[in-house]
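Good morning, and thank you for making time for this item.

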Amino acid sequence: MIDPADPAVPPDLTLTPPTGVIAARPIPAERPHVEPNPTGKRLAILTITALGVVYGDIGTSPLYAFRECFKPEYGIAPTSDNVYGVLSLIVWSLTLVVSVKYILFVMRADNRGEGGILAMLALILGKDTTHRHRRAVLVALGLVGAALLYGDGVITPAITVLGAMEGLDIVSPAFARFVVPASLIVLVGLFVFQRFGTAKVGAAFGPMMVIWFGSIATLGAIEILRAPRVLSAVNPLYAIWFFVDHGTGGFILLGAVVLAVTGAEALYADMGHFGKKPIRLAWFWLVYPCLLLNYFGQGALVLRDPSAVSNPFYLLAPRVLLYPLIAVATIAAIIASQALISGAFSLTQQCVQLGYSPRVQIVHTSAREAGQIYIPEVNHALMVSCLLIVLGFKSSSALGAAYGIAVTGTMAITSVLFVVVAAKRWNWPLWQALSLATAFLVVDLAFLGANALKITHGGWVPLAIAIALFTLMTTWKRGRAILRERLMEIMMPLDSFLKSLALGSTLRVPGTAVFMTSQSGGAPVVLLHHLKHNKVLHQQVILLSIQTAEVPEVRNDERLSVERKDLGFVRAVARYGFMESPDVKEIMELLRRAGVRSRPLETSYYLGREQLIPLRKAWKQGGLTMNIWRKRLFAVMSKNARSAAEFFKLPPNRVVELGTQIEF
């Protein structure tokens, strides 16, 4: 049984066809790419579109970030010195974390144009193939980061929508009781809409975010004109003096300051959709200045009226503009949530292809944009989780502690992996890589340490999500590896099988049989079972393996290798990247172009399906072990995985499944 969770190809695979291989001609179906250096109108379109996907999360942080810094539990009064200190911390957090770390450095670590923590991990593993223990540590770090991103994907919709809806309380305290119900309605509508895809409304996201950033910048600028002295907070000495004055309290406050940089990871994760240039242009020319104007405006308002610290964002607006501002904020919150939900879909697709998740249903919602996908299982899990979090926490302030730990954990792991890329892929001097690592991690670990103090106040939520998902991912990966070793033991070498077949008198019937197998070196178990039970074999037999390379995409001219064997046997290996979805119909077309002819109505596809029977003793295979509780978990995951026939888009009326019981 083939499984993309079972890549047998080494990470730094060279796609040189073996002897006897017929190279297939490419077909025009490659995933569309964004040009590396767009200009003119195209650059403007990509920049505006990037606003609606990349900057939704960080763009809605002013709803709650500055306000959270003055929560009573921190003991920071809204005095003049404290306002200057907090503003300085926010300004330099945005500058160092987003502008310097992500925009200038991390975005350079692209995996054939793709970004994100798993893309960076694949980039490292494709180069580092000799140190098994180091690889294991890096893989563990990457998976923890990916798991924390799921936690971010659960919390972001909840906190942004709650933050937008809390404007109702400013309109009238009587509306406070409607904040949670209204948030639940918006979230349900958001997740229900996912099945239709983002293609139809994606073009509106960018312009709406332009309106959002223009609105928050204007509100902030008006207030700055009333108290221009607030701009002096750009001086980093105010941040230093704040720490000197407050000591431990200043360090703890970093747990709230970090809310201003949430969404920074999206800059890197969405790089493959828009390219580096539009993302950088949007940040430096629009997002960064507008955020600073709004934060300075909130600070100026609190300097003028300390009581405004209860909700300085909405109190910036004249009362007559509150309803329009709430509407725009809600739309911005939806866009921010959409970006994280779409990111969770893409991350899940990568996990499936790289072998860390069972197969799931992946629905492509756009015929033109390969990145627009919908995964029902993930969507339903996110929706239930978001609704439970809103009901449990009831306010964006309560969610602040839960939010920070997910963001800072991912940021710290990204810093570690980036330094490995710099040293191993770019051959930077060790001192240079370590110096950069130190600079990044001083900031990241300070934020992470401050948020770790809030684990009991909600920070446990993303940690629990991350631990659960990390356990599932590693269980699936290890289980498939052990199962693969077990199947290799009972697999017959192909040459030996062909020799025995030539000496026998097996009846050959017209047509083509395609045996799907995760192994490309022997006669698959499903073929042996078919021959044992049915006593016949088709005149043409294709042994098809689909392997995942640790690159985002595989070029069409490198997609397929074909090796002809005796007795009408053909060995075919199709390779896909971790951002691609395998399609057997496409592979069969490539085979026909390579000279392997078959008629669709005379072609049958044979799949193996394992029924796993956990035994009470630990499962050991090839140096790998699995305890009883993980064996049972793996069996449940395997049983509930999406059908291989559906996942690989096989013709439903041409599929034959043969079951195998395996005790483990």
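R555 is partly exposed, at a relative accessible area of 43%, where buried stands for under 20%, exposed for over 50%, and partly exposed for what lies in between, with a 1.4 Å probe and protein chains only. Its salt-bridge partner is E558, with 3.8 Å between the closest N and O atoms; the term requires a side-chain nitrogen of Lys or Arg within 4 Å of a carboxyl oxygen of Asp or Glu. E558 is likewise partly exposed, with a relative accessible area of 24%. Elsewhere, salt bridges that share partners connect R67, E68, K71, E73 and E166 in one network.

Before going further, a word on the source: this is a predicted model, in which local features need pLDDT of at least 70 and side-chain atom pairs count only at pLDDT 80 or more, while totals for chains, interfaces and linings use all residues. Residues are numbered from 1 along each chain as its sequence is written, and side-chain values use heavy atoms, with hydrogens and water left out.

Helices here are DSSP runs of H or I with at least four residues, strands are runs of E with at least two, and both are numbered from the N terminus. Are R67 and E166 buried or exposed? Both are buried.

A further salt bridge brings together the side chains of K276 and D110, at 3.2 Å from N to O. This pair also links distant parts of the chain, since K276 sits in helix α14 (residues 276–304) and D110 in the loop between α4 (80–105) and α5 (117–125), 166 residues apart. K276 is partly exposed at 25% relative accessibility, and D110 is partly exposed at 26%.

Let me turn to the helices. Helix α16 (residues 322–354) contains 33 residues and reaches 47 Å from its first C-alpha to its last, close to the expected 48 Å; the expected span is 1.5 Å times one less than the number of residues. Of those 33 residues, 26 are buried, leaving α16 mostly covered. G355 follows α16, with a positive phi near 95°. Helix α1 (residues 40–53) has 14 residues and reaches 21 Å, close to the 20 Å expected. Its buried residues include L43, L46, T47 and A50.

Finally, the whole chain. It has 25 helices and 12 strands. The radius of gyration, taken over C-alpha atoms, is 27 Å, close to the 26 Å that the globule rule gives for 664 residues, so the chain is as compact as a globular protein of that length. That rule is 2.2 Å times the number of residues to the power 0.38. Along its principal axes the C-alpha trace spans about 95 × 50 × 50 Å. Of the 664 residues, 57% count as buried. Among contacts (heavy atoms within 4.5 Å) between residues at least 6 apart in sequence, 84% join residues at least 24 apart.
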